[in-house]
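Visitor: I'd like to learn how to read charged pairs and pockets in a model. Could you walk me through it?

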Amino acid sequence: MAVRVIVVDDQVMVRAGLCAVIGAQDDLEVVGEAGDGEAALELAARAEPDVVVIDVRMPGMDGLTATARLTAAGNPPRVLVLTTFHQDEYVFAALRAGASGFLLKDAGPAELVTAIRTVAAGDAMLSPVVTRRLIEAFAAGRVSGARPGDPRLGTLTPRERDVLVQLATGLSNAEIGAALGITAGTVKAHVNALLPKLGARDRVQATIVAYDLGLARPK
């Protein structure tokens with residue numbers, strides 16, 4: 001079955017272009033579009049999308065508020081935030097709100113459809129540039145973290161901590177395995193085990209938590 005997608009952007013031409021790109025794929029289906037967050041929530045309740053592609057800055061209810069409400073709902077869709085990259089706080093707020101990925105508006109059509117397929121499959125889409133900016137923000141003190149007393153720390157095994165630290169740098173399972181001397185399959189098992197312990201839906205959320213807990217630190 002095709003992945004059901006809703007597109008949310010207040011600019012009609014941008015929305016039309018996104019819908020055209022997505023609709024041209026055999027495995028993706030645009031089941032609706034909206035111009036603001038409130039309309040997106042109403043549409044999502046009716047259309048039951050698998051993925052919501054949403055802009056951050058819109059009139060009325062913005063994309064951050066809508067993302068938080070979408071991901072808090074029962075059987076929530078995956079949310080891919082698509083916007084310009086002017087201010088880091090939008091990135092971090094979107095990820096904390098529950099977004100599964102973040103893509104810049106200047107990304108090409110191939111990147112867009114790959115991102116949608118990635119988050120629809122239950123994985124996270126956090127590009128290297130976003131990971132790098134996240135690390136830089138922690139280094140500059142623009143994002144707070146380091147809460148060593150958090151009870152979630154005690155739920156992780158030593159190996160899960162090792163995996164989480166590597167994951168927070170944006171490495172794939174294969175790359176983490178190579179760094180730790182274990183197989184990619186073993187890494188995947190550790191990731192699957194640590195996500196519920198952290199209350200994280202995916203690798204993006206786990207990256208945020210790793211910095212919040214002080215396990216990952218800027219180099």
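Guide: We'll go through the salt bridges and then the pocket in this predicted model.

Visitor: How many salt bridges are there?

Guide: Side chains of opposite charge can pair when their charged atoms come close. Here the count comes to 6 salt bridges.

Visitor: Which residue does Asp-9 form a salt bridge with?

Guide: That's Lys-105, with the closest N and O atoms 3.0 Å apart. The pair links distant parts of the chain, 96 residues apart: Asp-9 sits in the loop between E1 and H1, and Lys-105 in the loop between strand E5 (101-104) and helix H5 (109-120). Asp-55 joins Asp-9 and Lys-105 in a network of salt bridges.

Visitor: Is Asp-9 buried or exposed?

Guide: The cut-off for buried is under 20% relative accessible area. Asp-9 has 1%, so Asp-9 is buried, while Lys-105, at 27%, counts as partly exposed.

Visitor: Where are the residues of the Lys-197 and Glu-160 pair?

Guide: Lys-197 and Glu-160 form a salt bridge with N and O atoms 2.9 Å apart at the closest. Lys-197 is in helix H9 and Glu-160 in helix H7, 37 residues apart. Glu-160 is buried at 5% relative accessibility, whereas Lys-197 is partly exposed at 30%.

Visitor: Now the largest pocket: which residues are closest to its centre?

Guide: Start with the space, which is about 270 Å³. Of the 15 lining residues, Ala-44, Gly-74, Asn-75, Pro-76 and Pro-77 are the closest to the centre. The lining divides into 9 nonpolar, 2 polar and 4 charged residues, and H2 gives the most, with 3 residues.

Technical notes
Residues are numbered from 1 along each chain as its sequence is written. This is a predicted model: local features need pLDDT of at least 70, side-chain atom pairs count only at pLDDT 80 or more; totals for chains, interfaces and linings use all residues. Side-chain values use heavy atoms; hydrogens and water are left out. On a 1 Å grid over the protein atoms alone, a cavity is a set of points where a 1.4 Å probe fits but cannot get out, and a pocket is an open set with protein on both sides within 12 Å along at least five of seven lines; lining residues have an atom within 4 Å of a point. Grid points are joined across faces, edges and corners, and a volume is the space filled by probe spheres set on the points. Helices (H or I, at least four residues) and strands (E, at least two) are DSSP runs, numbered from the N terminus. Ala, Val, Leu, Ile, Met, Phe, Trp, Tyr, Cys and Pro count as nonpolar, Asp, Glu, Lys and Arg as charged, and the others, Gly among them, as polar. Buried means under 20% relative accessible area, exposed over 50%, partly exposed in between (1.4 Å probe, protein chains only). A salt bridge is a side-chain nitrogen of Lys or Arg within 4 Å of a carboxyl oxygen of Asp or Glu.
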